[in-house]
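Please look over the sequence and the model shown below before reading on.

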Amino acid sequence: MLIEIDEGSGFCFGVTTAIKKAEEELAKSDSLYCLGDIVHNGREVERLKKMGLTTVEHSDLDSLHDTQMLLRAHGEPPLTYMKAERQNIRLIDATCPVVLNLQKRIKKAYEEGGQIVIYGKNGHAEVVGLVGQTEGTAIVIENLDDAKKLDLSHDIQLFSQTTKSLEGFREIVSYIESNMQEGAHFHYFDTICRQVANRIPNIVEFASKHDVILFVCGKKSSNGKVLYNQCLSVNPRTYMIDDPSEIDFSWFEGIESVGICGATSTPKWLMEECKRRIENEQT
């Protein structure tokens, strides 16, 4: 039975950089705080925890003083930086450059005036950081139904969370363009990361080539849910797992090929562990 790992799956540039920074810091010190899970993958978080990385939440910040803390790729709102400075917390900023650039653009647009609208997932770490650039005034829309609730009699500047789908963004742009009221202006900015967006056509092609797909992904990953559903749309024998122990070998009865792929938050070593478990069962 052929077992193939998708070369295009695995950590995106931003996540790779954040993990590298954490590893470099832990090589110099045996402990480091990280604000939120460094990546939405439990196995990778556990690996780094064993190296000394401690995950904290925003509610823990008041109790931290005179220490160091890593900011993950998702980015943070300005209030986090202000609080860290007050409490003498040295920040290791691993915000993805694409996200950082988007934060700056949203802040500039907010200062110029007009309603800021962000296409993204409410409560997602990246979106919290983006909304923070507007002093909490940006409107977050998750889908076309949310867009239909917007007041289109006022000027709107539309941005997108970097990991949202291009198709969904274009659908929302088309609706707003067609329904803006006279005298109101609409400007939109395609701020979707192409490294992430381009994974959809690539992973769909990969999923269609194999009899069974193992989609390896942490349960918290928003990007993972999107890519998993794309695989499922072309291959109904797609199974989401976040650990090799979840593999059910009855899935492979009578088939010739298995494809293993994952999200931008899935480490390559975890996909390789899944492949080894299947190979060991075959021998």
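On a 1 Å grid over the protein atoms alone, a pocket is an open set of points with protein on both sides within 12 Å along at least five of seven lines, a cavity is a set of points where a 1.4 Å probe fits but cannot get out, and lining residues have an atom within 4 Å of a point. This is a predicted model, in which local features need pLDDT of at least 70 and side-chain atom pairs count only at pLDDT 80 or more, while totals for chains, interfaces and linings use all residues. Residues are numbered from 1 along each chain as its sequence is written, and side-chain values use heavy atoms, with hydrogens and water left out.

**Pocket and cavity**

Rolling a probe the size of a water molecule over the atoms shows where empty space is left. The largest pocket is lined by 24 residues, and those that lie nearest its centre are Cys12, Val15, His74, Thr163 and Thr264. Two or more lining residues come from each of helix H1 (13-28), helix H4 (97-112), helix H8 (194-197) and helix H10 (222-234), and H1 gives the most, with three residues. Helices here are DSSP runs of H or I with at least four residues, strands are runs of E with at least two, and both are numbered from the N terminus.

The count of cavities of 30 Å³ or more comes to one. Its lining consists of Thr163, Lys164, Ser165, Val196, Ala197, Ile200, Asn223 and Val226, with at least two residues supplied by each of H8 and H10. In the table, a volume is the space filled by probe spheres set on the grid points, which are joined across faces, edges and corners; Ala, Val, Leu, Ile, Met, Phe, Trp, Tyr, Cys and Pro count as nonpolar, Asp, Glu, Lys and Arg as charged, and the others, Gly among them, as polar.

| Space | Volume | Lining residues by class |
|---|---|---|
| Largest pocket | about 340 Å³ | eleven nonpolar, twelve polar, one charged |
| Largest cavity | about 50 Å³ | four nonpolar, three polar, one charged |

**Strands**

Two strands pair if DSSP finds at least two bridges between them. Strand S1 (residues 2-5) and strand S12 (residues 257-262) run parallel and are joined by four bridges, with Leu2 opposite Ser257. Buried means under 20% relative accessible area, exposed over 50%, and partly exposed in between, with a 1.4 Å probe and protein chains only.

Strand S10 (residues 212-216) and strand S11 (residues 238-241) also pair in the parallel sense, over four bridges. The chain crosses from S10 through H10 to S11 in a right-handed β-α-β crossover, a term used if, with the strands pointing away from the viewer, the path from the first strand over the helix to the second runs clockwise.

**Rings and single residues**

Rings of Phe, Tyr and Trp (its six-membered ring) pair if their centres lie within 6.5 Å, and planes under 30 degrees apart count as stacked, over 60 as edge-to-face and the rest as tilted. The whole structure holds eight aromatic pairs. Trp251 and Phe252 form an edge-to-face pair, 6.5 Å centre to centre with 85° between the planes, and both residues are buried.

Ala147 in helix H6 is buried, with a relative accessible area of 0%, whereas Glu142 is partly exposed at 31%.
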